[in-house]
Amino acid sequence: MVSSVPRLVIAAPSSGSGKTTVATGLMAALSARGFAVSPHKVGPDYIDPGYHSLATGRAGRNLDAYLCGPELVAPLFAHGADGCDIAVVEGVMGLYDGAAGEGELASTAQVAKLLRAPVVLVVDASSQSRSVAALVHGFVSWDPEVRVGGVILNKVASDRHEGLSREALESVGVPVLGVLRRAARVETPSRHLGLVPVAERGSLAVEAVDAMAAQVASGCDLSALVALARSAGALTGAAWDAGEALVSSPPPPLPFPSLGAAPPDPHRPFGPRPRTPDGLDGAGRAVRVAVAGGSAFTFSYAEHAELLAAAGAEVVPFDPLRDEELPAGTAGLVIGGGFPEVYASELSANESLRKAVAELALSGAPVAAECAGLLYLSRELDGLPMCGVLDASARMSERLTLGYRDAVALSDSALAGAGTRMRGHEFHRTVVEPGAGDAPAWGMRTPDRRVEGFVQRGVHASYLHTHWASEPGVARRFVERCRTS
């Protein structure tokens, strides 16, 4: 298979240069002109893809060479971009910044090379003029395999400032594809973990995206940007597919004897069972997986739901801020990341749902909780009662915990067998005490050999965010446990 979807990578010398404004604005501006735009984000970030989705009407997807491996970057891109006219990929940090101590791994530059995509460098031109040329020259020449096809100057103060910058850049040989003036109205608010998610801002997020689109449309040469995207090299190889990924991944270990599961049928494959129109599996039992959403739980990768569905689950979203009960027939529960600390009072006040979650967990049903989910399952969060599934207390902290992690499963769980190695990412400003239960979820492959998280009954709760495309058997194992618990 050959993918020739036109594509651009929007990068910058450093964070704060305006990548999100330009990438989101370009996505929205092209969408407004009738293009089917595929939105992507380099790295593990969950928040920017929400703005991308708002700009394009399509699921924002992440391309992370650390979490998923470089070999999955192009297939995951081709999967997300299937049927689209053009793809816009927003970078992470500075163009050449990646996983600490890992060279170019997980950098925007590496992803651009893997996608054979030209790069547009967004440069914060404030407080400089001719020096912009020296900066751009350095980024263009650092890695000859990275093709910087143009520059967008951001935060330009005046016509004179623009003229001086353009004149200096002529000597570098990189075209200026856009000039954006300072415009406070396109800025989006931030808090302790970055931008405020789209789900929390409602119409204000729509207005912000519209403003970004207007600024990019008026300040950038859209025709030149589209032409540059069309110069991207063809990608060969099959697009990622959730069903095929499950078939090619190793079968999951058998269910826990401690859950009272029936002996496995050696004649039944581990793949998805036939589905019936009412959402039941081929044996007539519900395989319904409830997935937390709403303003408090906004962090998720689109591929997780796709893998669960391919494994035979009916994925049903619910909002812990509003729904007083779990979806009827829930056999398993996924609670991803987000900001429960912001909504602790509302989550605590929803006592009926907290009790329903606790009862489900007590029954032995599979429950996968990441970061925010870990806090929600704890006994309390900042002194307010939560679900009480875990004998642990959570609170806000002054310290930001951030970074990639190389981890190994220490305990058999509904997600992974002991010894399973996965890469993940931590991103939180909270602390859970104790940090691990009697059966920890993960051991970090670091000098201190830190252990973290909780495994009890069917619950797997941890701070670690993982991308299941790297280990599709996680989804299949989880759905199998939903059938047998």
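Is Tyr-66 buried or exposed? In this predicted model, Tyr-66 is buried, with a relative accessible area of 6%.

**View 1. Tyr-66 and Tyr-404 form a stacked pair.** A search of the whole structure finds 7 aromatic pairs, and here is one to look at in detail. The ring centres of Tyr-66 and Tyr-404 are 4.3 Å apart and their planes meet at 25 degrees; stacking requires under 30 degrees, so this pair is stacked. The two partners come from distant parts of the chain, 338 residues apart. Tyr-66 lies in the loop between β4 (61–63) and α3 (73–81), while Tyr-404 belongs to strand β18 (residues 393–409).

**View 2. Arg-423 places its charged end over the ring of Tyr-66.** Stay with Tyr-66 for this one: the charged end of Arg-423 is 4.0 Å from the centre of the tyrosine ring.

**View 3. Phe-297 and Tyr-376 meet edge-to-face.** With centres 5.6 Å apart and planes at 65 degrees, these rings pass the mark of over 60 degrees, so the pair is edge-to-face.

**View 4. Four aromatic residues form one cluster.** The members to find here are Tyr-46, Phe-299, Tyr-301 and Phe-339.

How values were computed
Residues are numbered from 1 along each chain as its sequence is written. This is a predicted model: local features need pLDDT of at least 70, side-chain atom pairs count only at pLDDT 80 or more; totals for chains, interfaces and linings use all residues. Side-chain values use heavy atoms; hydrogens and water are left out. Rings of Phe, Tyr and Trp (its six-membered ring) pair if their centres lie within 6.5 Å; planes under 30 degrees apart count as stacked, over 60 as edge-to-face and the rest as tilted. Helices (H or I, at least four residues) and strands (E, at least two) are DSSP runs, numbered from the N terminus. Buried means under 20% relative accessible area, exposed over 50%, partly exposed in between (1.4 Å probe, protein chains only). A charge sits over a ring if NZ of Lys or CZ of Arg is within 6 Å of the ring centre and within 35 degrees of the ring normal.
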